[in-house]
Amino acid sequence: MKIRVALLLCLTLLSCFAAGCDKRVNDSEQVSPEEKIVIKFSHVVSENTPKGLAAQRFATLVKDRTTGRVEVQVFPNSTLYSDGEEIEALKSGTVQMIAPTTSKLSRLSPQWQIFDLPFAFNDGNEVHRAMDGPTGEKLLSSLSASNIKGLAFWDNGFKQMTNGKRPLIHPEDFGGLIFRVMINSQVLKRQFEQLGAYPVETQFNDLYHALETNLADGQENTLSNICSKKLYRVQPYLTISNHGYMGYIVMTNEKFWSSLPDDVRLTLESTLHEVTEWERQISADKDRESMEEVVSYGKVQIHHLTVAERNKWIEALQPLYSEFWELTWE
Ligand code: SIN
């Protein structure tokens, strides 16, 4: 018996030296509950969107790279919090990551509305230059005052107009129609008022219902959201206007972020950087695929604005630039 106990002890000591006694256990099943870091990532769109796919990819890569020590739990489709609730949930620490549209941050700092100004960007490269340059830096650092740390900018794409009443070709076509707008953005409200329409703030999880029941006649959104929410089923008119841009800020609770061990924070940051590159490519792919989906549905009348028509829209919306002049920093 004594020999068996001594042998067992030797074996244990040997395996301990072989593995390195000071090393953490690297088996995710064996990470103790005290060691485990859980990050709840809440968002409002479906899994099959650029944001939904990127959040999931981030979770998978983080699990692998921290060998289970960090678990990112993704809650899509407003299952945890709606877009009207998620910022407060982040500030209070009941979730650790969210990725709202820039428009929805305007209450924290009105400067975020710079991305809402109609026809401010001609293409994705111009958007990325703003996001990845001094404008983006200033915007991200403005979040600190709210105990929020901005981590990355993700894409969704350019917004298009849909509605259930008539084709939207000329600025006058908007007259008298009710348009859903995202919460918190004065610029978006004024954009529709300027076109003679009535804006109504609606949370994303209520959007389909609002259109189906005629609480709103129309809305603006990216093709990916129009498809993942099946909005085209209740919006027979689509205008490819590319009049505005929709992007996201991946954010965390600043206090939570600085409480993380340095090695974990570095892994999360480098993984997010990599996922951001991937997300931007995916959003371009999704935009194209979504257009194909609307076309193949076959019941949506699609109008692509001509250059002359686009210029009329630009002219009609020009007064917003003097109204919101303080949004332009440079
Ligand atoms: C989102 O893409 O996160 C929602 C956009 C919207 O509210 O229309």
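Contact here means heavy atoms within 4.5 Å. In this predicted model, local features need pLDDT of at least 70 and side-chain atom pairs count only at pLDDT 80 or more, while totals for chains, interfaces and linings use all residues. Residues are numbered from 1 along each chain as its sequence is written, and side-chain values use heavy atoms, with hydrogens and water left out.

Let's start with F158, which sits in strand 4 (strands are DSSP runs of E, at least two residues, and helices are runs of H or I, at least four, numbered from the N terminus). Leaving aside residues up to four places away in sequence, F158 touches F121, N122, D123, G124, V127, N221, T222, L223, N242, G244 and Y245. With a relative accessible area of 14%, F158 is buried (under 20%; exposed means over 50%, and partly exposed lies in between, with a 1.4 Å probe and protein chains only).

Helix 4 (residues 124-132) has V127, H128, A130 and M131 buried. These residues lie on the same side of helix 4 because they cover an arc of only 160° around the axis, taken from the directions from the helix axis to the C-beta atoms. Their cover includes helix 5 (134-142), strand 4 (148-163), strand 8 (237-253) and helix 10. On the face turned away from the buried side, you will find the exposed residues N125 and R129.
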